[in-house]
Amino acid sequence: MPLLEINALTRRFGGLIAVNDFNIELGDHELVALIGPNGAGKTTVFNLISGFYKPSEGYIRFNGQDTRGLRPHQVTALGVARTFQGIRLWSEMHVLDNIRIAQHYRMGYSLLDCFLRTKNYMQHEKAIDDIAWKLLDAMGLKDVAYELPRNLPYGVQRRVEIARAMSVKPKLLLLDEPAAGLNSADVEDLIKLVKWIHETFRVTIWMIEHQMKVVMTLCSRIKVIDFGATIADGTPEEIQKNHTVIKAYLGDDTI
Amino acid sequence: MQKKTFTIGIFAFMALIAGLAQADILSPYHISVLMFMGVNVILATSLNLVNGYMGEFSCGHGGFMCVGAYVSSVVTVLLFSKNQILGAPLLPASLAFLGFPLALLLGAAAASVAGLVVAIPSFKTRGDYLAIITLAANYIVISAINNMEIIGGPRGFMGMSATENGMKSVVDLPWMLIWVMLGTLFTVWLLRRFVTSTLGKGVPAICQDEIAAEIMSVDTNRIKLIAFMLSSGLAGLAGGLYAHVLGYVNPQSFDIMRSTEVMVMVYMGGMGSLSGATIAAVVYTVLMEALRFLDVWKWVVIPLLLILLMQFRPEGVMGNKELADLFPRLRKYYSFK
Amino acid sequence: MEIFQHILNALQFGSFYALIALGYTLVYGVLGLINFAHGDIFMVGAYIGYFIAVALLSSVGLNPAVTLALTVPATMILTAAVGVTLERTAYRPLRRKGANRLYVVITALMAGLMLENGNLALLGASRKRFPDLIDKVIWNVHGVSITNLKVIVIVASIAVFLLLQFIVTRTKIGMAMRGISYDKFAIPLMGIPLDTIILFTFILGSSMAGLAGILFAMSYPILEPYMGALIGWKAFIAAVVGGIGDIRGAIVGGFLLGFIELGVVAVFPSTLRDLFAFSVLLIILWLRPTGIYGVARTTKI
């Protein structure tokens, strides 16, 4: 059973077709890219998977379960986590809290437990705390645990956002342009980080990215979309030589 | 060890106040100011949960206070008091110790359910639209009670003093003062436990980025429900205490002016700060008394103060910090974040 | 025939709501601000009108018709001045600082309270009676009694609506007003300073409130300091139900509220009027959260 199965996915916004008959299958432990020109519908696909939008047509299955009709937090609870095109960390809460809150679905205690500070509450809070600290430590963020995101360099914020996504303990990690806004040193770090996450946590990573260096270095498979529809699918070598892809990005070379 | 000291200290302080009241060192006026202070603390901290932590704009807190006031009053009057319409008391006054907290709880529960009126729309809308809904809800509650002759309509409802008298007849202590102090402590304790937990932290997460919260596994509808119902329920508790402190209620005391008063306290103290709301409530109560000589001008000066606050320190006295952030040594005595 | 009587009364009362709602919607459309003080500006307008009318009638000794002719524009101008003062002293400094919109809303709420209670403190609790400036003429058409005053009120509100529509769609500054709600930064680049547009908005909105104040005072001559409060809140809700930011919404919402209220009073005891009116408005908002003419804003992530 594939981890993620998307079939005939279509999403219209009034007269605009943002996603057009999109199909993909992702298995375990893959590292795949989704690329395409600006406005191609890439983030819309992610938003559809997250449950932020509902498909106009088609279906999305995660581990065999149909995700249509699920609210975003329910989709996340199934094991899908993501980062956003512009970093969406909670700006008035420190890094540690940002990581803790993403574990909400695993909270495991009731409001009453919370008021009475029962053993159930204490155990689950400790578990949340432990996971948060372990993750921060593993990703080299222990020193900034009590910092507010806006006081951190952009590259570190991006790392925090990825850490937050990982605290969900996902089986599928969606990264939306993780290298956007990073300088070349940070991009190198990002490549190392993504590789490390992929190997350590054995998670499937699907990333939207414009920086070809990142894509070509990391990904074993690349899917290209334009105007909401797939125009190519293959290995990095295949995609680099694909005329349709080149045309989509650079325009027609025949005058 | 030090945390226990803090708890013991608080209770000792409360016992001291009660003792001073009993010994008539504190005059009835002082006692009533203290009681209004407690009620205001409950109101401010409960509204702070919604308007501060969650960043909503609820303008109708008075309505929930009203629900709690009336429900608890009807219960105690039914049980312990003679009333023209409701009849003779059902229980002996000595059982007031059991009946009163029960009545308060029922009032709070009713107010909590009333909070659904605001909670459910909040799933889909925010900001200005929610402001209107809370406004309208406040008016609707008052309008409804104005039309209920059985509980006095616009003329008000009384008979609640029988409850305190009943308690006094068993043991002569300043019972309403004690109940208000307990209620205030309970509220702050409850809210503190909520906002320091991961569950409670979902509230500011929704405020700061609701979409991110939703996608990062926070069940936003559930959290909103909890926050609104907790807030309105505690407002109901405040209402119940208020009604029994005065021994009389009428719908007008819970209208938009009351809601505005509570908002003044919240914004003065700083949104998202529990200690801020508490301090602001205390200061506000004192201010109201100190400015009593101004009569009508009081309600010109107080809005002006808030306007000036908005101009020069809009984040309020505490911003979104707590006392322990400003005075780190206090952390020894109680942990907060 | 009685139904036409009710319709007429509803149109009249709805006119007041509509005129006041226009002020709310104009400011909201341009600034994104709920000017909670607006209902009290209406009250101030009524009082300004009262003082001017009384002064002209008794001190200067003018006859009622001339008094009316002078009072209306004078009141509108002075009420506009009040609105502009509020904007300049309280709202603009916050805007300059880039303050959170919430702080401005709170300031507005407090300013309204200051106006109400300031009135109470300065003028006392005794109510003022607005002098009769026009002779009441009643026409009886098929059993429906139509007073000239009712006609004036309704005609005035429609005229104001048409005027505003013209301004907003045909004049440069009017279109700039509409443009600001979409993009605050592009408009000054087109040559009109932001402050001027906002000034113009407040002048328009407040003078409409002043006009509403006089018309209201002529129809219901007893003035008291809190008269703007409830009407203001209701007009605000009417503006939102109509779709805040849209002039048509204010008119439709205002008249709708007038009809709802009168409909309720026709069937139920009048004490239930507010209860039902608010409830119906809430239901409409629940069914159509952005209001009748409102446009839903979709968020992009």
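The score here is pLDDT, the predictor's confidence in each residue on a scale from 0 to 100. Chain B averages 87, and 96% of its residues reach 70 or more. Where pLDDT is low, the predicted coordinates should not be read in detail.

This is a predicted model, in which local features need pLDDT of at least 70 and side-chain atom pairs count only at pLDDT 80 or more, while totals for chains, interfaces and linings use all residues. Residues are numbered from 1 along each chain as its sequence is written, and chains are lettered from A and ligands numbered from 1 in the order in which they are written.

**Chain B overall**

- Chain B has 15 helices and two strands; helices (H or I, at least four residues) and strands (E, at least two) are DSSP runs, numbered from the N terminus.
- The radius of gyration of chain B is 20 Å, close to the 20 Å that the globule rule gives for 337 residues, so chain B is as compact as a globular protein of that length. That radius is taken over C-alpha atoms, and the rule is 2.2 Å times the number of residues to the power 0.38.
- Its C-alpha trace spans about 55 × 50 × 45 Å along the principal axes.
- Of the 337 residues in chain B, 57% are buried. A residue is buried if 20 or more other C-beta atoms lie within 10 Å of its own, exposed if 12 or fewer, and partly exposed in between, with C-beta atoms placed from the backbone.

**Where B meets C**

- Chain B puts 30 residues into the contact and chain C puts in 34 residues; two residues are in contact if their C-beta atoms, placed from the backbone, lie within 7 Å.
- On the side of chain B that touches chain C, the elements giving two or more residues are helix H6 (127-146), helix H12 (256-269) and helix H14 (298-312) of chain B.
- H6(B) gives the largest share of that side, 11 residues.

**Chain C**

- Chain C has 11 helices and four strands.
- A compact globule of 301 residues would have a radius of gyration near 19 Å, and chain C agrees, at 19 Å.
- Buried residues come to 49% of the 301 in chain C.
- In helix H6 (residues 172-180) of chain C, the buried residues are Ala176(C), Met177(C) and Ile180(C). They cover an arc of only 105° around the axis, which puts them on the same side of H6(C); the arc is that of the directions from the helix axis to the C-beta atoms.

- Chain A has an open sheet of four strands in the order E2-E1-E4-E5, with antiparallel pairing; two strands pair if DSSP finds at least two bridges between them.
- The edges are strand E2 (16-26) and strand E5 (65-66) of chain A, each pairing on one side only.
- Strand E1 (residues 4-13) of chain A pairs antiparallel with E2(A) over seven bridges, and Arg11(A) has Val19(A) in E2(A) as its bridge partner.
- Ala165(A) sits in helix H6 (residues 154-167) of chain A and counts as buried, with 25 C-beta neighbours inside 10 Å.
- Leaving aside neighbours within four places in sequence, Ala165(A) is in contact with Ala81(A), Arg82(A), Thr83(A), Pro170(A) and Leu173(A).
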